[in-house]
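Keep both in view while reading the points below.

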Amino acid sequence: MNEAFVFQPRALIDAAVRAEQANFDAVIFSMPDPTFKTPGDGTAASVRFDALPLMGAAIGATNRIGLCGYWPLDVAEPFHVARVMTSLDHLSGGRVGWVAGLTGRENLLADYAHMALLAEPEAAHRAAEFILVVRELCDSWDDQAYVADQTSGIFVDPDWVHPIMHSGSYFTVRGPLNVPRPIQGYPVIAFHDDGSEALHTVVASLVDVLICDLQTPDQAAQFRAQVRSRHSPSVRSSPALVIKTAMPILGRTEREALQRADGLAALGAGPSPFFVGTPAGFAAELAKWFELGACDGFDLRPAVNTRDLDLICEAVASSPRAASCRGPERTTTLRESLRIARPPGRIPEVFQ
Amino acid sequence: MMRKLHFGLFIYPGGHHLGGWRHPSVAPKEILGFEYYKHAAATAERGLFDLYFVGDMLAAREREGRLVAEGALNNIDSISIDSAVAAATRHIGVVATLSTTYNEPYAIAERFASLDHISGGRAGWNIVTTANDDAALNFSRKTHMEKTLRYQRAKEFVDVCRGLWDSWADDALVGDRTGGRFADAHKIRPIDHVGEFFSVKNPLTLPRPPQGWPVLVQAGGSQAGIDFAASVAEVIFTAQTKLAEASAFRQSVESRMPKYGRDPASLRVLPGLMPIIGDTEQSALRKEEELNELLHPAVGIWMLSEQLKFRLYDLPADARLPTTDIRASSSDFTPRAISLLDKADAENLSIRDCGRLVAASRSHGSIVGTPEQIVDHIVAWFEAGAADGFNIMPPYFPSELDVFVDEVIPILRRRGLFRTAYEGATLRDHLGLTRPVRS
């Protein structure tokens, strides 16, 4: 479930609550939107929040749902990402996901013009190294390092904390992190794939989730098969989940949905819908993609937040998988609800 | 209207006394969870505090290349805590610490604008340039930026952020559904900044924050820091432990403000204060002694070595602090370090004693006594103009915060020195600071 487009900050948190009631795995804040226009050029129709305050604010309002945020890595530092995501993971009881991605050249030129810019193949390699450093930093505290023994006065056992001494092509990071290892080992690490071959070739093996927007079930099934065939069990225990971005326009009847779609199209600027129709029809379409092996799940984007979110929730509630796997009484980490293994941490030196 | 006190709650994992986390009432495994931070915020809000303050560190705390084992020193990220707390409270301001040396202004302006919007105008930014050299090694740099340059960068960083917060006029958001106009394009301008450190063109992607800008907070008492504070700070979090020093500090900031076109009346000074409170003076002193016993000597000596930038690990803990050697080792001591060396000389203190002094209240002021004695101290500083209030640093959480809220605050309120209800909605309202007009 994905939030954008409305300027009512608390409504974004309310949407996370609503999605939790409908047993969604996660809410994703501040995803990039290809139709987003810079305010001030005369056509701005949207705002963009920094994802981190929204993730933090959603912690207290929700109990089970995963909290994900888009944090592009081309202008970020791995130490910040590791530190903040680890902090949010502790605060939320292990519910955090980081959606990495690249902001794109145009934004960089405008807002970060003082920084060095990389051409695409290099940007992909930097992205891969960035994600590796984040993982190394999460592993810089072994799970048993956090002792907090009041009797001996030992808060941390330094034998279980290690500087990472990372020295690569793009980053030199000593570490260790200054927060204990995340509850989930690492936050769930997702990558927003904007369709660049260079990027997903380099990055797919390092992440838990790939979020992409392939147009047909055949294209998506081919892409997913490719991701799975390239998977190397030495880097991660299972191949990345492929999540398909989908914005439906829904109505109580086919006719109402079509009218809404026409109305929204007349307003201009929005992305073309994935589906137009009723919640039941939408649920069937999702099931079709899933059964064809085109994807492992969906990044659902309400076209108009409150209204479409309610109808989307209705569609998802009618899906048998949603009903079977996530009872409202269960409190789980995001990794558990996505069935992604918790990374074990550093291999003890004695076994290396 | 009579001048009123302002209070911040400075949250620190395990408490500000570095032995505090070992107190039997503390559950040290819970200090990473949301409930811990939420509970403290709810208590501070019950006490009608102005703000909730979280610090930040960008490197692990080490001694000779290994993590310091004996203290709860490695805290979690301030924006994460503050945004979670903001959603769980209704009135109290939330101040987060972010470095201008290791961040980018566009991202930080967006982050604080988001926090201010999501909290309904309760955000504050404690602007730091990062004091510990180790941080550089976590950010692909060989050395920490030199102090003068750091403050030049900080000044430009804040200028860019203010430009971004002002890029939307207050009435730029139209939200006209029928006319299809979301925002008035004529009221949103690119900032087109090109400076020594940053080039930033676009306006922000969010409407102007409810407070115009988040409240700008600063800490740090060096000459460069004072000048920076005079140019931008609306709240200063200080660490002077003596009234005369605190008054002199305040005067030195205020005297520089007109140079930057600022009115000294628009400044709030909140020294850090660790209260150790007992029903009687004796029981307060016993509580202090108990905490000092819980403080592992190694953590005190480590903190002392860090603060003096002088290695003390090989010397016997009972030896006198070698102040002559220490003074000869550097010409760049902080005001805190100098006052510590003077005290060590005057009182002939050992290394262990000095370690205890710096670690007990993390080098901030502390006061031990009955609620009435705590009140006398607060009022003396307030009436002398050395402070507008205090950033309260409980030695451990949550019980010592409860004691302050339940036993000290009511006395101040009876004397008419502290609010009896929140009177406004934003952090600026609480602090009596004006909302900046868009430039």
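A residue is called buried if 20 or more other C-beta atoms lie within 10 Å of its own, exposed if 12 or fewer do, and partly exposed in between. The model is predicted. Chain A has 352 residues, and 50% of them are buried. Chain A holds 12 helices and 14 strands.

**A buried loop residue, A:I164**

- In chain A, A:I164 sits in the loop between β6 (154–156) and β7 (166–167).
- A:I164 has 22 other C-beta atoms within 10 Å, and therefore it counts as buried.
- Leaving out residues up to four places away in sequence, A:I164 touches A:E136, A:L137, A:S140, A:V173, A:G175 and A:P176.
- A:I164 and A:G270 are 106 residues apart along the chain, and 44 Å separates their C-alpha atoms.

**Two residues with positive phi**

- A:M165 is also in the loop between β6 and β7 of chain A.
- The phi angle of A:M165 is near 50°, which is a positive value in a residue other than glycine.
- A:M165 is partly exposed because 13 other C-beta atoms lie within 10 Å.
- In chain B, B:E64 occupies the loop between β3 (62–63) and β4.
- B:E64 is likewise a residue other than glycine with a positive phi, near 50°.
- B:E64 has 9 C-beta neighbours inside 10 Å, so it counts as exposed.

**Two cis peptide bonds**

- The bond from A:G175 to A:P176 is cis, and its omega is near -5°.
- A:P176 belongs to the loop between β8 (172–173) and β9 of chain A, and A:P176 is among the residues that A:I164 touches.
- In chain B, the peptide bond from B:F397 to B:P398 is cis, with omega near -5°.
- B:P398 lies in the loop between β15 (389–392) and α13 (399–414) of chain B.

- Strand β4 of chain A covers residues 96–100, and five of its five residues are buried.
- A:V96, A:W98 and A:A100 point one way from β4(A), while A:G97 and A:V99 point the other way.
- β4(A) pairs with strand β3 (residues 66–70) of chain A in the parallel sense, over four bridges.
- Within that pairing, A:G69 has A:W98 in β4(A) as its bridge partner.
- Strand β9 (residues 188–192) of chain A also runs parallel to β4(A), and four bridges join the two.
- In β9(A), A:V188 stands opposite A:G97.
- A right-handed β-α-β unit is made by β3(A), helix α3 (residues 78–92) of chain A and β4(A).

**Contacts and the nonpolar core**

- Of the contacts in chain A between residues at least 6 apart in sequence, 74% join residues at least 24 apart.
- The largest nonpolar core has 245 residues, and the members touching the most others are A:V27, A:A127, A:A190, A:V207, A:L210 and B:Y52.
- Helix α5 (residues 120–138) of chain A gives this core its largest share, 10 residues.
- What does B:Y52 touch, not counting residues up to four places away in sequence? The residues are B:L9, B:I11, B:A41, B:A44, B:V85, B:I92, B:G93, B:V94 and B:V95.

**Where the chains meet**

- How many residues does each chain bring to the contact? Chain A brings 57 residues and chain B brings 63 residues.
- On the side of chain B that touches chain A, at least two residues come from each of α1 (34–46), β4 (66–67), α2 (78–88), α3 (105–118), β8 (181–183) and β10 (199–200) of chain B.
- That side of chain B has 38 nonpolar, 14 polar and 11 charged residues.
- Helix α2(B) is largely enclosed by the rest of the structure, because 10 of its 11 residues are buried.
- The buried residues of α2(B) are B:S78, B:I79, B:S80, B:I81, B:D82, B:S83, B:A84, B:V85, B:A86 and B:A87.
- B:V85 of this helix is buried, and B:V85 is also among the residues that B:Y52 touches.

Note on methods: Residues numbered from 1 in each chain as written. Chains lettered and ligands numbered in written order. Predicted model: local features only at pLDDT ≥ 70, side-chain atom pairs only at ≥ 80, totals over all residues. Contact = placed C-beta atoms within 7 Å. Nonpolar A, V, L, I, M, F, W, Y, C, P; charged D, E, K, R; others polar. Pairing = 2+ DSSP bridges. Right-handed = clockwise from strand over helix to strand, strands pointing away. Core = buried A, V, L, I, M, F, W, Y, C linked by C-beta atoms within 7 Å.
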